[in-house]
Amino acid sequence: MKKILALFFLTITYTTTVAQLPPWTRFKLDNGLEVLVCENHLTPIVTIEVAVKNGSFTETPDINGLSHLYEHMFFTANKRDTSEDDFLDRVDRLGIVYNGETHEENVQYYFTLPKRNLEKGLDFMAVAITSPLFKQSELENQITVVNAEFDRDEANPYFGFTRAVSQKLWGDLWNRKEPLGVRPAINSATREKMLMIQKKYYIPNNSLLIIAGDVNTSEIKDLVPKYFSDWKRGPDPFEKDPSPVIPPLQKTTYVTDFVNQPTAAVEVRWHGPSIGIDDKATYAADVFSEIIRQDEHEFTKKLMESGIAIGKNFWYYTQRLAGPIQGDIIATPERLVDAMRIFWEQFDKFTDPHYFTDEELETAKAQLRSRILFDSEKFSDFAKTVAFWWASTGLDYYEGYLNNLAKVNRRDIKNYIEKYLTNKPYVLGLAIDANSISRLKLDPSMLSHGAFLPK
């Protein structure tokens, strides 16, 4: 229920094809609710999950953070469990482990419970998703809880820095990329605003129901209509109110933030490919990032083995609404310029046909495939993965991912790099302590690509 903030973290594309996982079955109710059933009979446990195409990508500045607040309110009163205590009592009686997650492009809720309570769990989920009460006292309490999450995130010395970089990267639409939201919008939340979100987005034809674990598909096909067919269909929320297209960056810009830390950090951000516009580039982006993150690849060795950098990363985050390409460097202030010189020297080699070997290319694909399959073995996590990709990419993209991954070749990677990285504007952020920037006379423009080009 909390968006975890971190400066440097590894994002992996958790996608695969049905043929390489326990098979699933998909069907749709008359009201438009998509249902996905995935059987695994190893343990008598079932996960029931509902995902909704909501999240920060649907939010204007005045409501930024209310999708996240709504997620919290899901676990409070509904028409049957008329208080939060009643809700939690039912959780305990059914042996449920529960949680929710808010992302940029979806919100999801899950119950994991013993198989014997499957039907009661479906009933519980149906009532909770369709009939929240949004009681004023509980709303005020959850606003306090979300503000406490804000407090924890703001305690991270890089919180303001990362948000400032995001604001430059996405411009006036940066709120669309910020699931945590902003305090003024959260503090001004009302029951009426919650009901507006429910009416617009929490409709069956904008939702996915996943049932994964020790279940029988034919039984699920009988049970689901019993509890979810009365959920009323609504107008497509994106037909009259589509999410805006994020305009491309027009020029390279810089951000400086002062942090009381012994190391300095640089974030470099580009606009990457969007699902639905350039799917092919997303596969190449994932493979290329995996190549240069390998311990034996030149990018990693040049930065890390010499000790010039303390940390590094390079990755792409798949999104329908413009996924970012992100390069991160951590170094001591004294070695930061040298670290960035190496970073940009490596950057200039990205399209060199000898920059990576055929073995490194195939190793990257194999590593992605192995990680995906390993992470799919826990079905409660697998359900969350499916929910995320259903909302951001659609299940057709999800199902075909590994097959398309296997097809990525050098030309695809070169096209991706030339289209999204070479000579393209970016945002460069520098987080450093004030004494070091003064003592070393540093300016973020001194760390830019152009600063290291031959004069």
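The chain has 17 helices and 11 strands, taken as DSSP runs numbered from the N terminus (helices are H or I of at least four residues, strands E of at least two). Its radius of gyration is 23 Å, close to the 23 Å that the globule rule gives for 455 residues, so the chain is as compact as a globular protein of that length. That radius is taken over C-alpha atoms, and the rule is 2.2 Å times the number of residues to the power 0.38. This is a predicted model, in which local features need pLDDT of at least 70, side-chain atom pairs count only at pLDDT 80 or more, and totals for chains, interfaces and linings use all residues. Residues are numbered from 1 along each chain as its sequence is written, and side-chain values use heavy atoms, with hydrogens and water left out.

**Whole chain**
- The C-alpha trace spans about 70 × 45 × 40 Å along its principal axes.
- Of the 455 residues, 57% are buried (under 20% relative accessible area; exposed is over 50%, partly exposed in between; 1.4 Å probe, protein chains only).

**Helix α9**
- Helix α9 covers residues 279-293 and reaches 22 Å from its first C-alpha to its last, close to the 21 Å expected at 1.5 Å a residue (1.5 Å times one less than its number of residues).
- In α9, 13 of the 15 residues are buried, so this helix is largely enclosed by the rest of the structure.

**Asp412**
- Asp412 lies in helix α16, residues 410-420, and is buried at a relative accessible area of 12%.
- Beyond its neighbours within four places in sequence, Asp412 is in contact with Lys280, Ala284 and Lys407 (heavy atoms within 4.5 Å).
- Asp412 and Lys280 are 132 residues apart along the chain, with 7.8 Å between their C-alpha atoms.
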